[in-house]
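Here is a friendly tour of one protein chain, from its overall build down to a single residue. Take a look at the model first, and then read on.

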Amino acid sequence: PENSPRIFVLPGLDGTGIAYRALRDFLTDFECRVIDYPRESHGYAALGQHVRSRLETDRPFLLVGESYAGPLVVSIAASRPPKLAG
């Protein structure tokens, strides 16, 4: 639905988000997107740039990070991107 916040999920160390398929199927009232990581990681700074480049901020959105993604979510939230709702 266009009026509900979009949910961006950042996976743990595996970087694939495969485990979130069931979550996306369950959250039918939300648009849930998993941001996969590149196969070769160059640390949190590079991953942060990768994630930021994939965020769509045209409407309110939520960031959800699992384990390894926790510092990424905190870093992105601290930069106060437009329309971050939680």
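## Overall build and one residue

In the protein chain, 34% of the 86 residues are buried, meaning under 20% relative accessible area with a 1.4 Å probe and protein chains only. Please keep in mind that this is a predicted model, in which local features need pLDDT of at least 70, side-chain atom pairs count only at pLDDT 80 or more, and totals for chains, interfaces and linings use all residues. Residues are numbered from 1 along each chain as its sequence is written, and side-chain values use heavy atoms, with hydrogens and water left out.

The protein chain contains three helices and three strands, arranged along the sequence as β-α-β-α-β-α. Helices (H or I, at least four residues) and strands (E, at least two) are DSSP runs, numbered from the N terminus.

Some values for the protein chain are gathered here.

| Property | Value |
|---|---|
| Box filled by C-alpha atoms, along the principal axes | roughly 35 × 30 × 20 Å |
| Accessible surface (Shrake-Rupley method, 1.4 Å probe) | about 5400 Å² |
| Share of that surface from carbon and sulfur atoms | 55% |

Is serine 4 buried or exposed? Serine 4 counts as buried because its relative accessibility is 12%. Setting aside neighbours within four places in sequence, serine 4 is in contact with Asp29, Phe30 and Arg59.

Notes: Buried means under 20% relative accessible area, exposed over 50%, partly exposed in between (1.4 Å probe, protein chains only). Contact means heavy atoms within 4.5 Å.
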